[in-house]
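Subject: Structure for your review

Dear colleague,

Please find below the structure that I am handing over to you. My notes on it follow directly after.

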Amino acid sequence: MKPKDALSCWIIFLGSAMALIGFGSAAGSFYIGDALLRLLFVLLGISLLLLLPTSFRLAKQKRSFCWMVAFAAISFALAYLVPSAPPKVGLRDYSIDASLMKFMISSLALVITGPVAASAGFGPLFNFTKHAHQASAYCFLTIAILLILYPLGLIISEISVNGLPGITWEFLTQNVSKHGAEGGIFPALVGTILLIGLTALIALPLGIGCAIYLQEYAKRGRLVRVIRTAVNILQGTPSIVHGLFGLAVFVPLFGISLLSGALIMGFLTLPIVIRTSEEAIRSIPQEIREGSYALGATQWQTIRKVVLPPALPGVITGVVLGLGRAAGETAPIMFTAVYFMGAGVPDSLLDPIQALPYHLLELTRYWGAYPVEQNAWATAFLLLAIVLGINAGGIILRERYRQEF
Amino acid sequence: MENHIKVSIKNLSLWYGSNQALDQITMDMPEKKITAIIGPSGCGKSTLIRCLNRMNDLIEGCRTTGEILIDGQNVYDRRVDAVEVRRRVGMVFQKPNPFPKSIYENIAYGCRIGGINTKQRLDKIVKESLKEAALWDEVKDRLSDSAMKLSGGQQQRLCIARTLAIEPEVLLMDEPCSALDPIATAKIEDLLRDLKRDYTVVIVTHNMQQAARVSDYTAYLYLGKLVEFGPTRQVFEKPEAELTERYITGRFG
């Protein structure tokens, strides 16, 4: 690398570092307070403004000038326009939400403008080369990853910190009492597990069968296009609409019951299972299928023994994604399957159940009226743990099947 | 003395949609000989060979007329099951395409779907097929390893062994060496000479030296038409058609 390249790389690095400082301070504003955050943004803007005349004189390029102004303006705007945290409401303060929003807005703006501004603004000054552009692209992509990981970490840590103390043996094994303020969530836990299991039983064979039909048997034509479009529409349907559909169609037949809820959840999960399974089946090369046919295999033998085994990891991923979504859904079951209290552990498919997401919804409704906070956080933690557990289980299964070959 | 005719193609024409790929092909392939099909790219070599085990049935919009007789029975007869045809006429493809299974399972697959399930018989068939395909010594200690770990040449011999395991009468090879290096190619050519003792082999090749080296009969195809067919020596040394001569001497194609 030439010295000039090294210099330009350093400048890019500096630009990205500024973005990172903004990123970190925004993220930390929940703890360090708004004043300090504003100070940082103002300093950032001033330092850029100081650089402006030099930049303008030396570069004599409108483009770089514009970028510097834009970057400075954004820094100032962030310092004053982003709303400060609202006061604490009720028993629990909501400043975490405001802080998260502020973090998202400001870091997104800085992440995009930082490297680009540094690259475009200083570029003409120092005759940037492809190495410098490479460096700025790398910085940008790295920060994009951090940006995605941060809210996830925030959600998990927040829910764990608040929810874990509430997870006790009594909480897990006792029935709901006093509007959820006391007692446990045993029926809801059992209900959710039963619901997911039954949903899997309904969605799995139907979804995989549909995917095999679409990929292997159906001739390419109008019918397949119509089916695919229908599947896409099914996926795009709001979950509350699924719930109302279940209320209109299944509840008259099966009552408010585990079965009605699982059927509706099955419909909700099907499109995801179908699409990911189709994707997995499509990725198996045609030559392998031909090899099987050339040995005198029938179509079904080819599908069962040659196509499905290597496609299985992908299919499992789809199923897990679908079930993970089903586990957290409230709207489809609230009219079709669940009671807040009193349903207990179902004796048959036609009994109503209690479920964690709906339980959480009801608890937040009683927020402030009854001391339900601890149980609500604990319920949220448990629900998150179940969803993440399903996903982890899916990953383990997938890796095990992949290891064979 | 003239050999027994194993495969007899009569007035075979084939269309992909409205596009005619083969035009009135008639030729006889003698038993236990190697017949090479040569010709420039896109002339219908692969299409022709894929007709012999009805692989073209899998392609939508593909239509054939004419007859292909194997031991006097028309494989395109309405009463004949394509699956049965493919058990009698094995095929090795251009690109090695082992299944993502173990070496053992790759070979046992054809037997299993044919209804052979006893371990003893499978073990015997796997061993014999691998020996026949000259691969046994290289893989005998790792039969349970993934077939995907083998080299390209080994994979292709595995595909040959896999085909031999179902004991076909005719062996089709669609440019079996085009993805391989010269050493792997030489191994497969040696193998072909051995296989000739038991099987009728039809090989499609781009490589004219290969056709001259290994085959007993050669067919030259051009734009879906059979231009010349005869003993390899005659086709290469004294071709009847001018088109063949120009192709073989490298002035065309």
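A:E290 and B:R50 are both buried. Their side chains form a salt bridge, with an N to O distance of 3.0 Å. Please note that the model is a predicted one.

Confidence in chain A

Chain A has a mean pLDDT of 76, with 63% of its residues at 70 or more.

Salt bridges within a chain

Over all chains, 25 salt bridges are counted. Besides the pair described above, two further examples may be of use to you.

In chain B, the side chains of B:R193 and B:D190 meet in a salt bridge at 3.1 Å, N to O. Both residues are part of helix α7 (residues 182-195) of chain B, where they are 3 residues apart, or about one turn of the helix.

In chain A, salt bridges with shared partners link A:R228, A:E278, A:E279 and A:R282 into one network. One of the salt bridges in chain A is that between the side chains of A:E278 and A:R282, at 3.8 Å from N to O. These two residues are separated by about one helical turn because they are 4 residues apart in helix α11 (residues 258-282) of chain A. In general, an α-helix has 3.6 residues a turn, so residues three or four places apart point the same way. A:E278 counts as buried, with a relative accessibility of 5%, whereas A:R282 has 43% and counts as partly exposed.

Helix packing in chain A

Helix α15 (residues 356-365) of chain A is mostly covered, with 7 of its 10 residues buried. The buried residues of α15(A) are A:L356, A:P357, A:Y358, A:H359, A:L360, A:E362 and A:L363. How do α15(A) and helix α7 (residues 186-217) of chain A cross? Their axes come within 8 Å and cross at roughly 140°. The two helices α7(A) and α15(A) are therefore oblique to each other. On the α7(A) side the contact is made by A:A188, A:L189 and A:T192, and on the α15(A) side by A:L356, A:P357 and A:H359.

Strands and sheet in chain B

Strand β1 (residues 5-16) and strand β2 (residues 19-30) of chain B run antiparallel and are joined by 8 bridges. Among the paired residues, B:Y16 has B:N19 of β2(B) as its bridge partner. The hairpin of β1(B) and β2(B) has 2 residues between the strands, and B:G17 takes a positive phi near 65° there.

Chain B also holds an open sheet of 6 strands with mixed pairing, in the order β6-β7-β8-β3-β9-β10. Which strands stand at the edges of this sheet? They are β6 (89-92) and β10 (225-231) of chain B; each has a single partner strand, so one side of each is left without a neighbour in the sheet. On average, neighbouring strands of this sheet are turned by 15° against each other, direction ignored. The edge strand β6(B) runs parallel to strand β7 (residues 170-174) of chain B, to which 4 bridges join it. In this pairing, B:V89 has B:V170 of β7(B) as its bridge partner.

A buried loop residue

B:N53 is located in the loop between α1 and β4 (62-70) of chain B. With a relative accessible area of 0%, B:N53 is buried. Not counting residues up to four places away in sequence, B:N53 touches A:A294, B:V85, B:R86, B:V89, B:M91 and B:L172. One of these contacts, B:V89, is the residue that is bridged to B:V170 in β7(B).

Yours sincerely

Methods. Residues are numbered from 1 along each chain as its sequence is written. Chains are lettered from A and ligands numbered from 1 in the order in which they are written. This is a predicted model: local features need pLDDT of at least 70, side-chain atom pairs count only at pLDDT 80 or more; totals for chains, interfaces and linings use all residues. Side-chain values use heavy atoms; hydrogens and water are left out. A salt bridge is a side-chain nitrogen of Lys or Arg within 4 Å of a carboxyl oxygen of Asp or Glu. Buried means under 20% relative accessible area, exposed over 50%, partly exposed in between (1.4 Å probe, protein chains only). Two strands pair if DSSP finds at least two bridges between them. Contact means heavy atoms within 4.5 Å. pLDDT is the predictor's confidence in each residue, from 0 to 100. Axes are lines fitted to C-alpha atoms, for helices over the stretch in contact, and angles run from 0 to 180 degrees between N-to-C directions. Angles under 35 degrees count as roughly parallel, over 145 as roughly antiparallel, 65 to 115 as roughly perpendicular and the rest as oblique.
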